[in-house]
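Trainee: I am new to this structure and would like a close look at a single part, the place where the two chains meet. Could you start from a sheet and then lead me there?

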Amino acid sequence: MSDVVEKTLTALPGLFDSQTGAAKITNRLRQLVKSITELTSKHEEENLIKQELCAMKEQVSSPNTSMKQMREIMVRAMYCEMLGYDASFTYIHAIKLAQQGGVLEKRVGYLAVSLFLNEGHELLLLLVNTVLKDLQSTNLIEACMALTVVAQVFPKDMIPAVLPLVEDKLSHPKEIIRRKAVLALYKFYLIAPNQVQHIHGKFRKALSDRDPGVMASSLHIYLQLIRESPDSYKDLTGSFVTILKQVLGGKLPVDFNYHSVPAPWLQIQLLRILSLLGKEDQSTSELMYEVLDESLRRAEMNHNITYAILYECVKAVYTIHPKVELLEKAARCIGNFVLSPKINLKYLGLKALTYVVQHDAKLALQHQMTIIECLDHSDFTIKRETLELLFRITNAQNVTVIVEKMLDFLRGCNDEHTIIHLVGKVSELAEKFAPDNSWFIQTMNCVFSIGGDLLQQDVPNNFLRLLAEGSESKEEDDQLRLYAVESYLTVLKGHTSHLPQCFLQVMSWVLGEYAHLQGSVDRREVIRLLTQLLDQRSVSSETRVWILSALTKIPEGQTDLILHLAERLSSSQDTVLRQQAQELLHLSQDSQLHEWVLPRGAPWDAIEVDSSLSFLDGFVSEALAAGAAPYKPPHQRQEELCEDRALNLEPYSFSLPVSLSSCSITDRQSPTLLSVSSGLSGNSTELSQKAGSSTLILEGVKRVWGKDGYLPQKEATAPLVDEPSAAVQPPVQQEAAERTEPRPELSTRNQDKQQLASSLFVGLGVGSSVSLLGRSEAPPPRFRKKPRPHESSSSGTSEKSSGSSCRSSHHTTDIFLYGSFLEEEPATSKSAFDHTPKSTTANGLSQNKDTKEDKHANTSQIFGGDMVIVRPSTIQDKHPPSESSDLTALLPADLKDLPHSDVISLTSDPSLSLSSCRLFRDEALLLLIFISNCTETVIKDVAVQLTCEELKTASLRGNIVDCLEARSTSVCHYALLMDDPHTNVSFTGTVSYQTQPGHTNTLPFSGTLSTADFIRPLVLTTEEYGKLWLSLSHDVKQNLKLLTDAGDPLRTTLNALKDALQLHVVDIIGSEGIVACRLLSGAPCLLHCRVSGAALVMWLRSPHPALPDCILYHCQRALAHR
Amino acid sequence: MIKAILIFNNHGKPRLIRFYQYFAEDMQQQIIRETFHLVSKRDDNVCNFLEGGSLIGGSDYKLIYRHYATLYFVFCVDSSESELGILDLIQVFVETLDKCFENVCELDLIFHMDKVHYILQEVVMGGMVLETNMNEIVAQVELQNRMEKSEGGLSGAPARAVSAVKNMNLPEIPRNINIGDINIKVPSLSPF
């Protein structure tokens, strides 16, 4: 034996020589590297690499280059790419190598491909066949390489091609292949979860694989799956616990030990999985107490990796349902971390504490001295982590100290990311716990000046919102505002050139809005300070806009200054500024206009924003009529694009029919529009506008132009981040200077620390802590935001409705004005209604009252909210019941029990007034028209004629009344049917009557009805629904808003739809719901709703082509109206 | 997920770059530069974790690094990875390199960049930790090497002889010569 060894050893030197011969291939690379290292400048390196690349280009295109040389070229190309030079000409050769070469070539080729190409690179397509071939190869190494490349670079659309083969590999006899296949599938799951939905069962098989390595890789998948939905995998808890027990018990082969710890990485994974499973679940947690205890006990050796396990263990113990003994043990472990001299462990200890104090703030108390030490640690990471911990234990008592610490840190910090992160935290704390106004404003000043233009937009936005909306008490709000104004005036009087733009914008907004609160300060002074800013070169043009809008708000009487300014700016290069200057000029000259545009002290949320841009609807419908393509929401466009782009892996299958059907779908988007605009008579513009808004989805579009022109800057509170300028404000500098004062001696330092500790950890002690520990009992935030009447998600739509209601009320007012200008008849005769005023003047008054009510009624009519059985209107509550409400009493007895709408006034003149009411009968819509005689004389030969092209009149009763007594009312019934669905239909009609024989008056009236009036619930069972669904031909699919304000979004949304539209909810299963309804004439419409993220995917089917569109429109409106 | 693995020397010269998430070429270079800038500033007695750079993935991402003689090994990971676990994974990776190259040094990484990549592929696959067991990694790499040698024919023979010697488990040649707990003193060669 030893002879052999000796022989071999003596032969070694020679052998090594020849081994370097084998390395000759890399000679060129060696040369390259050598020459690069000899270079002194970047420029020389560039030149050299350029030469090298040229040489390589020549080589790769030469036919004489051998495979071996090719391999070597690839390595050089990788080297060049690593240094950041473009060697893209080699990409295709890398693919060629993988395709054509032997195993060695493949290896280099695949490596180069996975380094060079990203998931979106088109050359990858060329690789699919090679990968397929190699996946099927019996050569282990080839299969491994193929799996690796699949996991590294394969994009979503190429997965289906390789998926079956990868799946097969799960049952490969070699464990290394199985392991790689599992990871490849995990990668697929991350990219395209629904494509691997069907193999979840196989994951379970992998979990129980006989090879621990395969099992370990399957944990990757389970960690992810359980993170997404812990509830679906509770049944596996037992298995995970058993696995962990076996690992702890040393049942795995010794091979898996690392520093004599059994499979530490596996333990870490398992502990994470368990903590996810046991979170907020007592019974599951109970299963794992024992193994966690053992884990804590076992991990006592002093090696890094045991600490890694301990850390996970502690986290798990604090995440799952608490058990006192375990918590105590875990707390002791944290002590080991925090007190460890090893800095890495200290870091993890702090992290663990940060996590743990959320559950038990007292733990921080035990380590307060360590925490204080860490605050002054030289390591940036440690400091940051400590502040994170302090952030978690902040309460109203220690907030000033902690915020001070944070700001100190921020002043010395120059890492952008940290600044953004921490400044956000400071402002959060300030908002939550501020002890007083001055502190709050001062702190926010620091935040703005330190964070500057790095700040995330929502910090200034929130701050301004807080100032603007205020809390419940106006006095306090004003004090805060006043303080802000004062403090900003002081800031502006100092040096302003270094202040960040964001801060300037905040200041100018506040001054513009609230400078009037400050009585003692001269307005001129404020204006002077702001104009001074305008002159500074460092001020960005966006900030100038802010300043100018502030100036626009201030003036009142300071016209001379303003005029001067406006004149100066009207020659500015910046068009926006010039425009603003013009506006300023006009507003300052016309105080009435100013008051109207910028009402002083108007409530913050009373400003109407027409975010639907409804004023453009006319333009849109014109464009549509002229042949423009209808608007498609972005997600739809995206989907269509994706469809186009998706890879078709099947060779030329049914591409033609597919394109046809998509064609028909896009065609069908317009019929509502067309049908409505074609079949309209009177107020067609209004209706087509509405129809236009059903296709126009413009939520979230900032409104710049209103009905009356340019909207003032009032709502423009969203400042954009400008170019960063690291500037500090004077007081800050001062404080910073104080901080750099020579440090006191050690003993006093210790004292300081004690003091600091007591101030930092105040409120965490046992006595005072009780209320603070329970987060729910924490003191209410000082600045409580007012609940917003319409949060941003719904704001667009609700504003749209209010905007339109205005429109409709204008409409009715016009009619009434017209009516009251008519000749008035003297009132003499007896009345049907006692409370109707007798005199003519009073009559006019009562009509006014009517108008008011009609405004309300009309609004509700247009917005379809009046479907429910007589909803008491708010106005009726306040005023004595007026005429029209009493009309419901006149409903014929046989109809009284039917669901009906409110009574709406249609029109009136001095002698007659018309109202209508809709009754929802099963087979028809009953339109009742009440004709009331308002005079004291008898009216004769009253005849009602109603026309509507889209509707069919089934029956008609009482449309001719020979004689209508004074102060009495007659009812006329129309039973209406709708054969072709239209989103809205309008009817017009006339009433002719004679007040004096031979003298016929006519009174025109009109109104609208919506499809919703003609829809009835269709009661079905789920099975019937299923059958019907398949038989229906016309379908429409769209995403709708999901109402998320209640616990079960789907149910809430469906109920809302049901209320608004008389639908029948057939069934709700999980995240899907099925709903059915029918049109009066019998055409059914089935709705299939599925929750997808924050949207409701609605799929409608009906035999009638236009019905789904109409219903969809009403669904959208009903949801938007909520 | 591991987002990227960067190895560079004390001067910031990249020695191995492996991204598991797509970044444009110039972005990659910027990430390398900034990472080097961040890491090289730090003393040896501070912790091996760095948080919250804005380059890869923002606040969710961490740099976990080790400094061996002339080389920095930096793993950019997201919050789903265990810090200490990755720290030891780096150690495993370096020990494996040491085993495969016998006293690994910076030069090995430069001239056998492809081989280092192959070894890394056995440790991390597509951003996921594939194998943490050093013996298993070495076995896989050797399997591939054998293939290379069989192709290399005669020129492969000496390597076979060397591995034969290695496999004899000679008491004179201690294993893991220089690998301490944290800092293995890799013989520092002429810096590049």
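**From a sheet to the interface**

Mentor: Happy to! In chain B, strand E4 (residues 61-68) and strand E5 (residues 71-78) pair in the antiparallel sense over eight bridges. Two strands pair if DSSP finds at least two bridges between them. Within this pairing, B:Leu63 stands opposite B:Cys76 in E5(B).

Before we go on, a word on the ground rules. This is a predicted model, in which local features need pLDDT of at least 70 and side-chain atom pairs count only at pLDDT 80 or more, while totals for chains, interfaces and linings use all residues. Residues are numbered from 1 along each chain as its sequence is written, chains are lettered from A and ligands numbered from 1 in the order in which they are written, and side-chain values use heavy atoms, with hydrogens and water left out.

Both strands belong to an open sheet of five strands in chain B, in the order E2-E1-E5-E4-E3 with antiparallel pairing. At its edges are strand E2 (14-19) and strand E3 (49-51) of chain B, each of which pairs on one side only.

Now to the part you asked about. Here 78 residues of chain A are in contact with 76 residues of chain B, contact being heavy atoms within 4.5 Å. The area buried between chain A and chain B is about 6700 Å², and carbon and sulfur atoms give 62% of this area. Buried area is the accessible area (1.4 Å probe) that two parts lose on being put together, summed over both. Of the area that chain A buries against chain B, A:Met82, A:Arg107 and A:Trp265 supply 11%, more than any other three residues.

The rule finds six salt bridges between chain A and chain B, where a salt bridge is a side-chain nitrogen of Lys or Arg within 4 Å of a carboxyl oxygen of Asp or Glu. In a salt bridge between A:Arg179 and B:Glu136, the side chains meet at 4.0 Å, N to O. Polar contacts join 18 residue pairs across the interface of chain A and chain B, both residues being at pLDDT 80 or more. Such a contact is a pair of N or O atoms within 3.5 Å; within protein, one must be able to donate a hydrogen and the other to accept it, and residues adjacent in sequence count only if both atoms are side-chain atoms.

On the side of chain A that touches chain B, helix H1 (residues 2-22) of chain A gives the largest share, nine residues. That side divides into 42 nonpolar, 17 polar and 19 charged residues. Ala, Val, Leu, Ile, Met, Phe, Trp, Tyr, Cys and Pro count as nonpolar, Asp, Glu, Lys and Arg as charged, and the others, Gly among them, as polar.

How values were computed. Helices (H or I, at least four residues) and strands (E, at least two) are DSSP runs, numbered from the N terminus.
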